[in-house]
Amino acid sequence: MDLRRRYTAADLGVFTPEEASRFLPQGDADPQHDVILAWELLYRLEPELYDRLASAERLHPGIVDWLPRDVDRIAEVGAGTGRLTMELIERGRHVVAVEPALPLRLILQRKLAAADHGHRARVIHGFFDQLPLPDDSADLVVACSAFTPAAGHGGETGLAEMERVCRPGGCVAILWPNHLGWLTARGYRYVSFPGRMSVEFASYADAVELAEVFFPRSAAEVRRLGRRTVPFEVLGINPPRDLAFKVAAG
Ligand SMILES: C[S@@+](CC[C@H](N)C(=O)[O-])C[C@H]1O[C@@H](n2cnc3c(N)ncnc32)[C@H](O)[C@@H]1O
């Protein structure tokens with residue numbers, strides 16, 4: 001069943017009070033009419049399903065290459081199941097991955113435990129608007145497919161928090177931004193990497209199953225293509241090929 005119809009108001013009880021205050025500011029809502037809320041339920045109710053999608057939607061290699069190499073301290077916010085974190089542990093000696101959803105933190109911890117440099121990352125609970133990290137404590141503060149201008153998912157307070165945690169001369173980067181104008185109006189610069197990009201599902205069966213959940217309008221085309229690799233444009237989403245960044249005043 002597709003994401004827009006997958007959950008109902010009866011599922012909202014999965015949120016902790018801290019989560020509810022961010023994701024249900026009015027006290028109640030219907031995930032069938034609020035797809036952002038449906039994503040938050042997905043992270044908590046079917047985290048492995050989410051991880052199958054995130055693992056298939058790989059970042060453009062240009063993004064990973066662009067990130068500073070060999071830095072001491074990196075803070076990532078909204079780390080999820082580690083699509084970016086697993087790259088960051090190759091670049092930073094100390095990585096803090098902040099993630100509010102417990103089921104996603106558990107998957108990320110499992111991946112880190114199996115990775116060569118997994119010990120470099122610490123996974124902690126937290127939200128954009130109240131980062132549990134000291135001032136000036138990271139050389140790079142980054143979020144991938146997590147930050148939005150909405151208060152519950154970052155907003156003005158969340159951006160100010162990321163900038164507070166970044167040391168002078170360090171970098172705040174928002175990867176795969178979906179509200180670019182909002183960020184450029186706040187002094188962020190834009191970088192995009194060219195080339196054709198596809199979602200690399202684990203198998204054709206996975207492509208069909210995940211398209212039915214996440215891209216129902218493209219599911220027939222995914223079936224017709226008959227492949228596990230599906231161009232982003234077929235799915236109707238912009239590929240993870242870009243970022244917005246700001247160097248903190250030093
Ligand atoms: C689309 S997922 C991206 C996860 C990961 N960064 C990646 O690229 O695979 C969005 C993530 O943002 C997290 N998130 C949502 N609201 C948040 C908040 N207020 N503060 C911090 N993280 C949040 C979610 O729990 C989820 O892990």
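The exercises that follow treat the packing of helices and then the surroundings of a ligand.

The model is predicted, so that local features need pLDDT of at least 70 and side-chain atom pairs count only at pLDDT 80 or more, while totals for chains, interfaces and linings use all residues. Residues are numbered from 1 along each chain as its sequence is written, and side-chain values use heavy atoms, with hydrogens and water left out.

**Exercise 1.** Describe how helix H3 packs on H4.

Step 1. Helix H3 (residues 35-45) and H4 have their axes 5 Å apart and pack at an angle of about 110 degrees; helices are DSSP runs of H or I with at least four residues, numbered from the N terminus, and axes are lines fitted to C-alpha atoms over the stretch in contact, with angles from 0 to 180 degrees between N-to-C directions.
Step 2. H3 is therefore roughly perpendicular to H4, a term that covers angles of 65 to 115 degrees.
Step 3. Trp39, Leu42, Tyr43, Arg44 and Leu45 of H3 touch Pro47, Leu49, Tyr50 and Leu53 of H4, where contact means heavy atoms within 4.5 Å.
Step 4. By class, the contact of H3 with H4 holds 8 nonpolar, no polar and 1 charged residues.

**Exercise 2.** At what angle do H4 and helix H7 cross, and which residues make the contact?

Step 1. The axes of H4 and helix H7 (residues 102-113) come within 9 Å and cross at roughly 55 degrees, which means that H4 is oblique to H7.
Step 2. H4 contributes Pro47, Glu48, Tyr50, Asp51 and Ser55, and H7 contributes Pro103, Leu104, Ile107, Arg110 and Lys111.
Step 3. The contact of H4 with H7 divides into 5 nonpolar, 1 polar and 4 charged residues.

**Exercise 3.** Characterise the packing of H4 (residues 47-56) against helix H10 (residues 204-214).

Step 1. The two axes, of H4 and H10, come within 11 Å and cross at roughly 110 degrees, so H4 is roughly perpendicular to H10.
Step 2. On H4, Leu49, Arg52 and Leu53 meet Asp206, Glu209, Leu210, Val213 and Phe214 of H10.
Step 3. Sorted by class, the contact of H4 with H10 has 5 nonpolar, no polar and 3 charged residues.

**Exercise 4.** Which of the 20 residues around the ligand come nearest?

Step 1. Gly78, Glu99, Phe128, Cys144 and Gly152 come nearest, where a residue counts as near a molecule if one of its heavy atoms lies within 4 Å of it.
Step 2. A polar backbone atom of Gly78 is 2.7 Å from a nitrogen atom of the ligand, and a backbone N or O atom of Cys144 lies 2.8 Å from a nitrogen atom of the ligand.

Terms used: Helices (H or I, at least four residues) and strands (E, at least two) are DSSP runs, numbered from the N terminus. Angles under 35 degrees count as roughly parallel, over 145 as roughly antiparallel, 65 to 115 as roughly perpendicular and the rest as oblique. Ala, Val, Leu, Ile, Met, Phe, Trp, Tyr, Cys and Pro count as nonpolar, Asp, Glu, Lys and Arg as charged, and the others, Gly among them, as polar. A polar contact is a pair of N or O atoms within 3.5 Å; within protein, one must be able to donate a hydrogen and the other to accept it, and residues adjacent in sequence count only if both atoms are side-chain atoms.
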